[in-house]
Every structure is written in C-alpha cells, then in structure tokens.
Amino acid sequence: KLALERYFEGRDEAWGDDLGVLDGTTQANLFRFAKARGMRTAFERPTLSELMGADAAWLVSSVRLVAPIRRIDAVDVSIDAALTAAMNDHLLGLRD
C-alpha cells in the first residue's frame, strides 16, 4: 500500500491535538482527491515501520504542495512520481 493509503485509511475524524498537525485546506483537498480514487481517509500517525514499508510517502503543505519523502533515517525510500504529479496537478488546479 502507499503511505497515502495507509495514512488516510480508516476513519474520518478531526485531528487530535496529540498529533501536532493542523487540520487544513491542503489536507482536506487531498482527502477529497484520495476518496475520489477509492482510497479511504483517516487521521493517524503512521509508525516508522509503516513508512519504511510504504510504496511512497509525502510531506504536504499549502506552499510546497506534495513533496515526496526521499529518505528516512538515511535510507532511500520509494517515490511514486505519477501519483505525486497527480496530487500536485489536483492542488494546482484548485488555484485556477
């Protein structure tokens, strides 16, 4: 599974304060993107093991949009260039 699926999989609920992440517009837009493609969404903190085993993972912000994570703890990780481009195209299309 992709980190996006693992991270978003499960339930839809508000971010908990303990996650230290703000619920935001970019995140909400990517949840809609994921749901439109049959991915379930959730607010969870993936474990290091889950991230290392994922096909791809990203950092998301309103400024940088979707940036692939290339290394975790000095280990190269897989990048899904096509999905990264699709997510960025989706977010950029919302700005038009």
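User: How many aromatic pairs does the structure hold?

Analyst: Heads-up, this is a predicted model: local features need pLDDT of at least 70 and side-chain atom pairs count only at pLDDT 80 or more, while totals for chains, interfaces and linings use all residues. Residues are numbered from 1 along each chain as its sequence is written, and side-chain values use heavy atoms, with hydrogens and water left out. Rings of Phe, Tyr and Trp (its six-membered ring) pair if their centres lie within 6.5 Å (planes under 30 degrees apart are stacked, over 60 edge-to-face, the rest tilted). On that test, the count of aromatic pairs is 0.

User: Which residue has its ring under the charged end of R37?

Analyst: A charge sits over a ring if NZ of Lys or CZ of Arg is within 6 Å of the ring centre and within 35 degrees of the ring normal. The charged end of R37 is 3.6 Å from the ring centre, and the ring belongs to F33.

User: In what order do the elements of the chain run?

Analyst: Helices (H or I, at least four residues) and strands (E, at least two) are DSSP runs, numbered from the N terminus. The chain has 4 helices and 4 strands. From the N terminus on, they run α-α-α-β-β-β-β-α.

User: Is L65 buried or exposed?

Analyst: L65 is in strand β2 and has a positive phi near 60 degrees despite not being a glycine. Buried means under 20% relative accessible area, exposed over 50%, partly exposed in between (1.4 Å probe, protein chains only). At 8% relative accessible area, L65 is therefore buried.

User: And D73, is that one buried or exposed?

Analyst: D73 also isn't a glycine, yet its phi is positive, about 50 degrees. D73 lies in the loop between β3 (71–72) and β4 (75–76). Its relative accessible area is 61%, so D73 is exposed.

User: What distance does α2 reach from its first C-alpha to its last?

Analyst: The expected span is 1.5 Å times one less than the number of residues. With its 12 residues, α2 has an expected 16 Å, and the model comes close to that at 17 Å.

User: Which residues does N29 touch, leaving out those up to four places away in sequence?

Analyst: N29 is in helix α2 and counts as buried because its relative accessibility is 13%. Its side chain makes a 2.4 Å polar contact with that of R32; such a contact is a pair of N or O atoms within 3.5 Å (within protein, one able to donate a hydrogen and the other to accept it; residues adjacent in sequence count only if both atoms are side-chain atoms). Going by contact (heavy atoms within 4.5 Å), N29 touches H90, L91 and L94.

User: Which residue's backbone nitrogen lies 2.9 Å from a polar side-chain atom of D80?

Analyst: D80 is found in the loop between β4 and α4, and at 24% relative accessibility it is partly exposed. The D80 side chain reaches the backbone nitrogen of A82 at 3.3 Å. The backbone nitrogen at 2.9 Å is that of L83.
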